[in-house]
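Student: I would like a close look at the interface, beginning from the salt bridges and with every cut-off stated. Could you take me through it carefully?

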Protein chains: 2
Amino acid sequence: MSDGNYSRGLQLRSEISSEGELRLSLLEIPTPAPAPDEVVIRIEATPINPSDIGLLFGAADMRTARASGTPASPIITADVPPQRRASMAGRFDQSLPVGNEGAGVVVAAGTSEAAQALLGQTVAALGGAMYSQYRCLKLDQCLQLPAGTKPAEGASCFVNPLTALCMVETMRREGHTALVHTAAASNLGQMLQRLCLKTGTKLVNIVRNSRQVQLLRELGATWVCDSSSAAFTDELTQALTETAATVAFDAVGGGKLAGQILNCMEAALIRNHVETGRYGTSVHKQVYVYGSLDTGPTEISRGFGMSWSVGGWLLFPFLQRIGKVKVQQFKQRIASELKTTFASHYTREVSLRGALQLEAVADYGRRSTGTKYLINPSLA
Amino acid sequence: MSDGNYSRGLQLRSEISSEGELRLSLLEIPTPAPAPDEVVIRIEATPINPSDIGLLFGAADMRTARASGTPASPIITADVPPQRRASMAGRFDQSLPVGNEGAGVVVAAGTSEAAQALLGQTVAALGGAMYSQYRCLKLDQCLQLPAGTKPAEGASCFVNPLTALCMVETMRREGHTALVHTAAASNLGQMLQRLCLKTGTKLVNIVRNSRQVQLLRELGATWVCDSSSAAFTDELTQALTETAATVAFDAVGGGKLAGQILNCMEAALIRNHVETGRYGTSVHKQVYVYGSLDTGPTEISRGFGMSWSVGGWLLFPFLQRIGKVKVQQFKQRIASELKTTFASHYTREVSLRGALQLEAVADYGRRSTGTKYLINPSLA
C-alpha cells in the first residue's frame with residue numbers, strides 16, 4: 001500500500017500573524033496512510049483560482065511582498081494594512097493549507113474494493129489543501145476522469161464548472177429567465193457562455209475592453225457590453241431589453257458597476273412596458289457579488305425603485321442548499337464535457353517553489369483576465 | 001343617503017409633465033355615490049408620511065418650488081432635474097391623487113346593513129387619495145375606531161403601525177433574533193421602540209444627534225447609537241455584540257451607513273466567537289433599505305465576508321406575502337393600542353390649501369425627524 005516515495009511531501013501554507021504579517025512558505029509533511037475508503041493522490045495539476053488567492057493572500061497588500069528563505073524553501077512575506085487586520089482575526093497565527101481543487105494520479109489506496117480500483121487512475125478532487133505534493137482524500141471527494149484525460153485537463157473540474165452551472169441554477173430557482181455576468185472574458189466567463197449557448201440560456205456579458213468583446217464574439221456570444229465604452233449604459237440597457245435579464249453575477253464588487261446594472265435593468269423593464277408604480281417596477285432585480293476584483297466600496301446610485309437586492313453569493317453554501325444528488329448530477333455532466341463546455345486554459349505552469357517567486361506572485365496576484373496559473377506540485 | 005353637502009369636494013393632485021415640471025394643485029371632484037358595501041368618509045385627519053412625499057414630489061428638486069394660482073386654489077410647481085426624469089416616465093402627464101391613509105366620519109353609506117351601521121361613526125382607512133375632502137371606500141378598507149377616538153388619533157393607523165409590526169415579523173420569519181433601525185427617533189422609530197419593549201424584542205436604535213439619544217432613552221430604549229459620535233462604530237459594534245442583531249431597517253439609504261452596519265455586525269459576530277472562514281462568518285447579515293432620506297449613492301465598504309445582502313423593503317408587497325388573515329390580526333391589535341404603542345404625534349395641522357403653501361412645502365419636505373404634518377381637509 002505504501003512504498004515510501006510518497007510518505008512525505010511539500011505543502012504550501014499561508015499564515016497571517018496577529019502583528020499583520022502574511023507569510024507564504026512550503027512545509028514538508030508526512031502523508032497520512034489511507035483509511036479503507038481513502039486514496040493518496042500525487043497532485044500534478046492544481047489551478048490558482050481567484051477564490052484560492054483570497055485564502056492565499058488574505059487582506060495583505062501584495063505591493064509590499066518580499067522574498068526570503070532559500071531556493072529549496074522560498075518564503076514570501078507581505079504586510080496586512082492596519083485598517084484591514086480586524087477582518088483577518090479569525091485566521092490569525094494559523095498555518096493554513098491552500099488550493100481548492102486539482103487532479104493527479106492515485107498512488108496508494110485503502111483496503112476497500114472501490115479504493116483499490118482507483119490505483120493508477122487519474123482523478124480530480126475538490127478537497128482543499130491541494131497545493132500539496134500528496135493528498136489523502138476520501139473516495140467521495142474524488143471524481144475519476146474519463147480515460148485519456150490528463151491531470152492538467154481535469155485540474156479545474158469543480159470550482160469554475162460548478163460555479164457556471166450553479167449561476168444558471170440560481171437564475172432558474174429564483175424565477176429569472178436570463179442572466180448577466182461581469183468580468184465575462186475570464187475562464188469562468190467563457191465557460192458560462194459555452195454552457196448558456198448549449199442550454200439556450202440568454203446571457204449578457206460585461207467585459208472591460210474591446211479585445212475581450214472580440215474574444216466572446218468568437219465564442220458565439222450574442223450580447224457583449226464593454227464597460228470602457230462611452231455608450232456602455234445604453235448598450236447594456238439595450239441588451240437587457242432584448243434578454244429581460246433581472247439577475248447578475250458580479251465578480252468585480254467595488255465601484256459603480258452593480259448599481260449601473262440595476263439601473264439599466266429597471267430602464268429595460270420600463271422600455272418593455274412593465275408597469276411602474278410610485279416605487280418603480282415591482283420586478284425584483286438582483287445583483288450577486290461573487291468576487292472582489294475591485295476591493296473598493298460598492299457605490300449604488302439608487303434610481304431603480306425599491307424591488308432590488310445586492311448581496312454576496314458563494315458556491316459552497318449554494319451546493320449545500322441544492323443537495324448531494326443534484327451536485328452529483330452536475331459532476332457527472334462536467335466529467336462528460338470536460339474537453340468542450342468545461343475546458344480551462346492556463347497561461348503558465350509552475351512548481352510549488354515556482355508559485356512562491358516574487359515575479360509569479362505579482363503576475364497571478366493581478367487576477368487579470370487572461371492570466372491563469374496552474375501549479376504542478378510534482379515538478380521539482 | 002345624500003344631502004348634497006358632500007356631493008363635491010377638493011382633492012390634492014400631483015402631476016409631472018414629460019417636460020419635467022411637477023405641479024401640485026387642488027381639483028374639485030364629484031363624490032361617487034356609495035355602492036351597497038361602500039361608505040363616504042368626510043376626511044378630517046390624514047398624515048404626510050415620507051411614503052406620501054415620494055408620490056407627492058416625485059423626483060422634483062423642491063429647492064426650485066414656486067407658488068402660483070389663487071388663495072382659493074393654490075398651485076405649487078417645481079423642476080425635475082433632467083438626469084432624474086427617466087425614473088418618472090411611468091407617471092408622466094398623469095394627475096395623481098395622494099395620501100395613503102387617514103381618518104374621518106362616515107357621512108353616507110351604501111344600502112348594506114354593515115355599511116349603514118357605520119353612519120356617523122369615526123373610521124380610519126388605508127385607501128390612497130386620502131388628501132381629499134370626501135372619499136368613497138369599500139368597507140374592508142375601513143377600520144372602525146374604538147369609541148372616543150378622534151380622527152386625529154386614528155389618522156396614522158396603518159402605515160407606521162403596520163410597518164413597525166412587519167419589521168418585527170420580517171425579523172422573525174428570516175431567522176433573526178434582534179433588529180437595528182436607523183432614523184430611529186422618527187414617529188415610526190418611537191413606535192417600533194414601544195412595540196419592541198412590549199414584546200421583549202431587542203432593538204438597536206441609530207439616531208443622528210444627542211437630543212435624539214435622549215428622546216429614545218426617555219422611551220426606555222436600551223441600545224441607542226448616535227451616528228454623529230466619533231465612537232459611533234465602536235458603540236454600534238458593542239450594541240450588536242450585546243443583541244446579536246443581524247437585520248437592519250434603514251430609512252436613510254444613501255451614504256456609508258448601510259455598509260457600516262454590515263461591518264459592525266460582522267465584527268460583533270467575531271467578538272461573539274462565531275466561526276470565521278476564508279469568506280468571513282457564514283451568518284447572513286441583512287440591511288433592508290425602506291426609505292431614502294439621503295438620495296445620494298449607497299457606499300458599501302465590503303469588509304464583512306460574503307454572507308450579506310442590501311436590498312429594498314416595502315410594506316405593501318410584504319403585507320401581500322403574509323396574507324389577509326395576518327394583516328387583519330395586526331389591524332385589530334393596532335386599533336386596541338392606538339393611544340399607547342401606536343400613538344402618533346404631529347407638529348402642525350393644515351388644510352388642503354395650507355399644505356400647498358411654499359413655507360409648508362419646505363417644512364414637511366425636509367422630512368426631518370420631529371416635523372410631522374397632519375392635513376385636515378375639512379378645514380377651510
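Tutor: Over all chains, a search of the whole structure finds 30 salt bridges, the term standing for a side-chain nitrogen of Lys or Arg within 4 Å of a carboxyl oxygen of Asp or Glu. In one such salt bridge the side chains of A:Lys285 and A:Glu266 meet at 2.8 Å, N to O, and this pair links distant parts of the chain, with A:Lys285 in strand β18 (residues 285–289) of chain A and A:Glu266, 19 residues apart, in helix α9 (residues 257–271) of chain A. Helices (H or I, at least four residues) and strands (E, at least two) are DSSP runs numbered from the N terminus.

This is a predicted model, in which local features need pLDDT of at least 70 and side-chain atom pairs count only at pLDDT 80 or more, while totals for chains, interfaces and linings use all residues. Residues are numbered from 1 along each chain as its sequence is written, chains are lettered from A and ligands numbered from 1 in the order in which they are written, and side-chain values use heavy atoms, with hydrogens and water left out.

Turning to the interface, the count of salt bridges between chain A and chain B is zero, although 33 residues of chain A are in contact (heavy atoms within 4.5 Å) with 33 residues of chain B. The buried area, that is, the accessible area (1.4 Å probe) that two parts lose on being put together, summed over both, is about 2,700 Å² between these chains, with carbon and sulfur atoms giving 54%. Of the area that chain A buries against chain B, A:Arg278, A:Arg302 and A:Met306 supply 25%, more than any other three residues.

On the side of chain A that touches chain B, α1 (50–57), β15 (253–255), β19 (294–300) and β20 (308–312) each supply at least two residues, and the largest share, seven residues, comes from β19(A). β20(A) and strand β20 (residues 308–312) of chain B pair in the antiparallel sense over three bridges, where pairing requires that DSSP find at least two bridges between the strands. Within this pairing, A:Val310 stands opposite B:Val310 in β20(B).
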